[in-house]
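Have the model open while you read.

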Amino acid sequence: MSLEESINSDIKTALLAKNEASLRALRAVKSAILLAKTSGGGTVLTQDDEMKILQKLVKQRKESVDIYEKQDRPDLSKGELEEIAVIEKYLPAQMSEADIRTELKKLIDSMGAKSPAETGKVMGAASKAFAGKADNQIVAAIVKELLAG
């Protein structure tokens, strides 16, 4: 079953259960998928494309949560956090920081990177290796730390 079919099925379930948070999140996912399908000139979405869409939606909501918390609006951040939880069910499990650190050490050793000047080279390889499994901001912070010494 494709992601789109799964989302459509889950929308029906959320409607019957009257689960507003799930419904909002699932409708946002469906909308993003439809937008991507129609804006690409008739191209078929790959699984990677679908994962990127989901990651983008989660990232947008996390940014909103940060803004709402800075503005002391827990009522608004609660809704965003609920939507994040629903969307993350469709994403692969995220790697822990310890796992990311271990894999990055191996990657840096295999590439022979020694200085912070090589951060870009390492990040390029790390982005491909951790695609969908780790947040790039966390990866970038660990790469800088490891290359700095």
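## How helices 1 and 2 pack

Keep in mind that this is a predicted model. Helix 1 covers residues 3-17 and helix 2 covers residues 20-39; the two pack at an angle of about 150°, and their axes sit 9 Å apart. With the cut-off for roughly antiparallel set at over 145 degrees, that angle makes helix 1 roughly antiparallel to helix 2. As for handedness, the crossing of helix 1 and helix 2 is left-handed.

## Who touches whom

On the helix 1 side, the contact involves Leu-3, Glu-4, Ile-7, Asn-8, Asp-10, Ile-11, Ala-14 and Leu-15. Facing them from helix 2 are Ser-22, Leu-23, Leu-26, Arg-27, Val-29, Lys-30, Ile-33, Leu-34 and Lys-37. Sort the residues of this contact by type and you get 10 nonpolar, 2 polar and 5 charged.

Leaving out residues up to four places away in sequence, Ser-22 touches Ala-14 and Val-86.

## The cores

The largest nonpolar core holds 22 residues, and Ile-7, Leu-26, Val-29, Leu-54 and Ile-87 have the most contacts inside it. At least two residues of this core come from each of helix 1, helix 2, helix 3 (47-70) and helix 4 (74-88). In soluble globular proteins, nonpolar side chains tend to be buried together.

Zoom in on Ile-7: neighbours within four places in sequence aside, Ile-7 contacts Leu-26, Val-29, Lys-30 and Tyr-90. Another core, of 14 residues, lies apart from the largest one, with Ile-108, Ala-126, Val-139 and Val-143 among its members.

Technical notes
Residues are numbered from 1 along each chain as its sequence is written. This is a predicted model: local features need pLDDT of at least 70, side-chain atom pairs count only at pLDDT 80 or more; totals for chains, interfaces and linings use all residues. Side-chain values use heavy atoms; hydrogens and water are left out. Axes are lines fitted to C-alpha atoms, for helices over the stretch in contact, and angles run from 0 to 180 degrees between N-to-C directions. Helices (H or I, at least four residues) and strands (E, at least two) are DSSP runs, numbered from the N terminus. Angles under 35 degrees count as roughly parallel, over 145 as roughly antiparallel, 65 to 115 as roughly perpendicular and the rest as oblique. A crossing is left-handed if the near helix is turned anticlockwise from the far one by less than a right angle, and right-handed if clockwise. Contact means heavy atoms within 4.5 Å. Ala, Val, Leu, Ile, Met, Phe, Trp, Tyr, Cys and Pro count as nonpolar, Asp, Glu, Lys and Arg as charged, and the others, Gly among them, as polar. A nonpolar core is a set of buried Ala, Val, Leu, Ile, Met, Phe, Trp, Tyr and Cys residues joined through side-chain atoms within 4.5 Å. Buried means under 20% relative accessible area, exposed over 50%, partly exposed in between (1.4 Å probe, protein chains only).
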